[in-house]
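Trainee: Could you walk me through this structure and the terms used for it?
Mentor: Happy to; have a look at it first.

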Amino acid sequence: MKRETKLLHYGAAARPGPANPPVIRASTILHDTVASYDDIKRRRETDETLLSYGRRGTTPAHALQTALAGIEGGDAAYLFPTGVAALAGTISAFLSAGDHALVVDTVFSPTRKLFDVLMSRMGVSVDYFPADAQDLSRYLKPNTRVLFLESPGSQTFDLLDVPMLTAQVSGREVTVIIDNTYGSGWLYRPLELGCHVSIIAGTKYLGGHADVMMGAAIAKGDAHAVLRTHVNMTGQTLAPDESYNTLRGMRTLGLRYDRHHHAGLAVAAQLVARPEVVRVLHPGLPDHPRHDLFVRDFSGAAGLFSVEFRSGFESVCFIDALQLFAVGSSWGGFESLAMPISPYGERLYPPQQPVGPMVRLHVGLEDPEDLAADIEQAFATVATSAGVR
Ligand SMILES: *Cc1c(COP(=O)(O)O)cnc(C)c1O
């Protein structure tokens with residue numbers, strides 16, 4: 001069966017019944033006998049779909065876990081209240097005092113903070129490697145236990161050759177964890193490229209409607225048991241309503257990504273043609289430095305990318321002039337967004353040459369012609385206001 005079809009049926013309730021698994025709000029699950037209570041407690045160790053206690057999730061969380069493991073091709077999925085909680089919960093499951101973590105320099109900024117502050121405090125040493133590194137041997141140590149990747153990288157969209165990198169740690173005691181929020185297990189399936197755990201901030205495209213916070217970690221192989229123990233020990237779960245809304249959003253994940261892909265590339269091409277623009281950082285553009293990896297490993301692009309303008313361009317005026325692109329954190333919802341960014345400040349391997357003002361765009365599901373017209377009028381507004389000054 002094709003994955004588009006499977007996506008619509010994960011977690012289906014028994015018939016006759018609702019199309020979506022029902023929201024069950026529960027802490028306590030009641031039993032009539034001690035034997036029944038003991039039976040469920042024993043069986044839940046191998047059957048994650050049993051109702052045993054609210055902290056172990058109820059029906060919509062279990063259905064969502066099935067769907068996430070399904071789209072990522074993992075053995076199991078674990079849920080967290082935010083994407084950052086999924087990152088913190090996962091990296092701390094695989095690292096102990098005295099261990100070393102190797103992290104790509106282009107990671108999401110809060111991930112860097114988790115390594116630099118939280119993991120350092122726990123006695124873990126951390127090194128960063130440049131996204132274009134071909135040889136990890138100079139960064140790996142005998143005590144390296146986690147290799148942390150993100151592709152494309154946050155804000156600058158650098159692509160990693162993940163099979164090439166994971167091959168370099170295979171046979172070592174290294175868990176490869178990747179932030180797959182851009183691809184959400186749909187555009188990109190890193191568990192098939194040698195990664196052990198894939199993390200998705202479902203706050204973005206899984207929910208898809210800018211109204212859900214959630215994170216997930218999907219594991220394959222031995223990593224699954226480690227993560228399961230850690231998640232249960234630390235009491236991580238996702239509330240029933242958030243689980244329901246995430247799964248409801250996921251039903252249209254493929255359709256929405258398709259629209260974000262085409263509309264995003266159209267806006268990217270429109271920007272490439274502008275004299276005010278130095279470069280557009282979008283992995284789906286043929287002039288992206290590793291477009292070959294995009295073609296090889298991805299089945300499409302998200303609506304998220306960045307643009308660098310010529311030095312002196314009034315990028316804040318441009319953002320403010322946009323009518324259909326609101327200013328706001330996050331992305332992956334139906335709506336278009338624009339944000340000023342300065343991604344290189346905390347990087348250890350920034351570009352050598354000076355960088356002009358940068359803006360990150362999320363191209364939403366609005367009509368692409370309206371978005372194109374909005375971009376044009378914003379450039380016109382910047383030109384007029386520059387002329388006035
Ligand atoms: C937003 C984001 C997260 C964190 O998700 P939250 O739900 O906001 O905590 C993690 N990784 C990436 C790449 C993100 O963009």
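**Terms put to the test**

Mentor: Let's start with the side chains of Asp161 and Arg296, which are joined by a polar contact of 2.7 Å. A word on the basis: this is a predicted model, where local features need pLDDT of at least 70, side-chain atom pairs count only at pLDDT 80 or more, and totals for chains, interfaces and linings use all residues. Residues are numbered from 1 along each chain as its sequence is written, and side-chain values use heavy atoms, with hydrogens and water left out.

Trainee: What makes the pair Asp161 and Arg296 a polar contact?
Mentor: A polar contact is a pair of N or O atoms within 3.5 Å; within protein, one must be able to donate a hydrogen and the other to accept it, and residues adjacent in sequence count only if both atoms are side-chain atoms. The Asp161–Arg296 distance is 2.7 Å, so the pair qualifies.

Trainee: Why is Asp161 called buried?
Mentor: Buried means under 20% relative accessible area, exposed over 50%, and partly exposed in between (1.4 Å probe, protein chains only). Asp161 has 14%, so it is buried. Asp161 sits in the loop between strand S4 (144–150) and helix H6 (162–167); helices (H or I, at least four residues) and strands (E, at least two) are DSSP runs, numbered from the N terminus.

Trainee: And why is Arg25 called exposed?
Mentor: Its relative accessible area is 64%, and the cut-off is over 50%, so Arg25 is exposed. The side chain of Arg25 still makes a polar contact with the side chain of Asp241, at 3.0 Å. Arg25 belongs to the loop between helix H1 (3–9) and helix H2 (34–43).

Trainee: How do you know which residues touch the most other members of the largest nonpolar core?
Mentor: A nonpolar core is a set of buried Ala, Val, Leu, Ile, Met, Phe, Trp, Tyr and Cys residues joined through side-chain atoms within 4.5 Å. Of the 91 residues in the largest one, Leu68, Phe115, Phe129, Phe148 and Leu149 touch the most other members. A second, separate core has 25 residues, including Ala263 and Val267.

Trainee: What lies 2.7 Å from a nitrogen atom of the ligand?
Mentor: An N or O atom in the side chain of Asp179. For Gly83, a backbone N or O atom is 2.8 Å from a ligand oxygen atom. Both distances fall within 3.5 Å, so each pair counts as a polar contact.
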